[in-house]
Structures are given as structure tokens and as C-alpha cells.
Amino acid sequence: MGSVKVFGQLLVLCLAFFVSARGEATGILFKDPDGRYTSELRFRMQSLLAFSLPDQSAAPADIVGQIRRLRLRFNGQVASPELRYGLQLSFSRQDMDWDVSNFPNVLRDAWARWVPGPNFELQFGLFKLPGNRQRVVSSGDMQFIDRSLVNRTFNLDRDFGIQTNFMGSVGGTPWSWKTAISAGEGRGVFNTDTGLAYTSRVEWLPFGAFTDGGDYFEGDLEGEPLPKLSVGIGASFNERTRRSQGQLGRALSSPRSFWASYGDAVFKWRGLSLYGEYMRRDLDNPMVTATEFVPSGQGWVVQGGYFFVPQWEVVTRYTQIRTSAATSMVMPDQLQFTTGVNYYLAGHRVKLQGDITWSEDNLAGATSSRWIGRMQLEMGI
């Protein structure tokens, strides 16, 4: 009888796999006969072709063809819908941050979450901090091939710690407040010191909730019939971090403490999407040595997109970074204009993207510029 029971359980799992693979667009679902234990499997990959052409040059200076991201993700529940988990693994060299960490940093997310009700969540493990919106949005849900330079320079990224999320509404207007206490050193660090990172973010949605959580994926794929707006502000203090960007960057020979602050807003209506973000990083002494420093200063980005026909979206973005006076000799001011076209075969899960960027750097009065062209295929479930 024992073997019959095991066979029956395996049959149920196989049926769940088959039905989910054909009936669910968001992944492949495994579950036990009672539905108390579940696991949703998803994968995605990004194939990128890009070139960089210095201004006033006749030949490309750099051509890149690579599998940019290749990831497996598992999400589900254990014993109860109140106890959930998430696990994400990365397999491409760039996605493992090999050049910075000097080892294959496969693990991206590993967290457990307790959800006792609709208005509170408690999360523990390795996860994205509640920083700027564009960093929290998945790289698979972007309307551009990559996040902005502002995000790349000043974002918080992933860290190990504990996070709370309070959600509610006032007069029918949704709001949320997220806080986190984390190690401050990012993923892949084996130990930390007594310095921790403290992060908090508040969001307000004055026109009500977006369709299907549309405030956390780019582009108005849902075609919001009514105007929707979400505004977020937040800050983080990282005490005695040993990496140049807190949770990211190369190791510092001497630890630094700094503040990061940010504000962002997203608007969607009838195929139109607008997004703006401001970020800054402040500290007293960003220069560690003559060549070793913490990127400090401020930056802002404005971007928008519009679906002129179903599945086809045109996008444009303006980005600017102004460095602090203390780092102006080693870190350039940067300016970028980007325009592109997206074709969504199956929403963000399967899409083809192409864009062209004009980029300008100004380091200590010396200006250089270049053109960047990119094409990317995103495919996943």
C-alpha cells in the first residue's frame, strides 16, 4: 500500500506540472495532494547584442554579444499560505557578479516570509531592499534593456536581513510603509562587522491601486482605463560598509558610512506610462585613497512610453548624474538620451527590445561622447 500511495502522490505532482505548464502563463506549479506545500518554477533568459561607437569615429569601438541573464526562480508556501518562500539562482557570468566578487555568486534571493493577514508581512533572509522603485522592479519587467545610470550608481540592491511591510488605506487611498535592518554588505559576503544598514520607504497611491500590480512593472501593458499614480520616498543609512556602493561595488581598504535618499513616481493611463526618479548619496569623506572612492552625488531620470498599436511601444529616457565636489576628479558627470521600440509577444515574459543611446561624460572639464546601440530578446515563463 505504501508504494501505491507514493505512486499516487507522484501522479498528482505530474498532473499539476502538466496542467500548470499548459494553463498558467506565469510558471510551472508543483504541489502536494493537500495543497499545503507548493512550488512555482520560473525561468528567464536575456540575450543581448550591443555596440558602442565613439563620437566622430568611423568604426565601432566595442561589440558585445552575450547571454546577459539566465535565472531560475522558485516561489511557494510551506505548510500554510501564511508561510511563503522565495529562491532565485543566476547562471550567466555577468549575472553572478564574477568580475567584482571573484567567485561564481549564484545565489540572488533566499527568503522566508510570514503573511498573517492582508496588511502586514515579515520577511527574513536575502532579498532586495525597499530602495528606489526601478531597482525593486524585476529586470525582466523593464521597458528599456537596462536600468538607468542613476540606478546603477546609487541603488541599494540586495542584502541579508529582516524586513517589514505595513499596508493600508485612508479614505480608499492605498499606502504602504516598508522598513529593513540588514547586514549592509550585500549578497555573497561571508561575514560583516558591527555596522548595519537601516532602510525605510513610504508609498502613496492617490488614485487607487494599479491593475495587476502595475506600479511594479514598467510600461502600461494593462492599458489603465483611469489615471493611476504611485509616489514613493525613502532613505537608507549604511554604517561602516566595506564595499564602495554599500551592498555593491569593490572592497574598500577602509570602511565608510553614508546616507542614500531617493524619491520616485510612476503614472499610467491608456497606454501611456511616465516615470521619474531622483537619488543621491552623501558622506563626509568619499575618497578612501587617490583611486579608491565611494561614488557620491546626485542623479535623476525621466522616462516614458506609449503603446501606439497593441504590442508595440515607443520609449524615451533622459538621465543625468552630478558628482559631488569631493569626487569630481575621479568620477565623471554623465548625461544620456535613449530612445527605443519594444515588441511584446507575451507581455514582459517574451519581448524583443531595441534602443539607441547618446552618452556624454565630463571628467574634470574633459568631455567625451559615444553612441550605444542595443537589441535584446527576453524569454521566460
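Mentor: Happy to! By class, the second largest cavity is lined by 4 nonpolar residues, 3 polar ones and no charged ones (Ala, Val, Leu, Ile, Met, Phe, Trp, Tyr, Cys and Pro are nonpolar; Asp, Glu, Lys and Arg are charged; the others, Gly among them, are polar). The model is predicted, so local features need pLDDT of at least 70 and side-chain atom pairs 80 or more, while totals for chains, interfaces and linings use all residues. Numbering runs from 1 along each chain as its sequence is written, and side-chain values use heavy atoms, without hydrogens or water.

To find this lining, look for L156, S236, N238, Q247, F258, W259 and A260 (a cavity is a set of points on a 1 Å grid over the protein atoms alone where a 1.4 Å probe fits but cannot get out, and lining residues have an atom within 4 Å of a point). Two elements, β10 (228–243) and β11, each give two or more residues to this lining, and β11 makes the largest share, 3 residues. The space inside is about 30 Å³.

Now turn to the largest cavity, with about 100 Å³ of space. Its lining has 15 residues, and R133, F217, E218, V266 and Y275 lie nearest the centre. Here α3 (133–136), β11 (251–269) and β12 (272–282) each give two or more residues, with the largest share, 3 residues, coming from β12. By class, this lining holds 5 nonpolar, 6 polar and 4 charged residues. Across the whole structure, the search finds 2 cavities of 30 Å³ or more.

How values were computed. On a 1 Å grid over the protein atoms alone, a cavity is a set of points where a 1.4 Å probe fits but cannot get out, and a pocket is an open set with protein on both sides within 12 Å along at least five of seven lines; lining residues have an atom within 4 Å of a point. Grid points are joined across faces, edges and corners, and a volume is the space filled by probe spheres set on the points. Helices (H or I, at least four residues) and strands (E, at least two) are DSSP runs, numbered from the N terminus.
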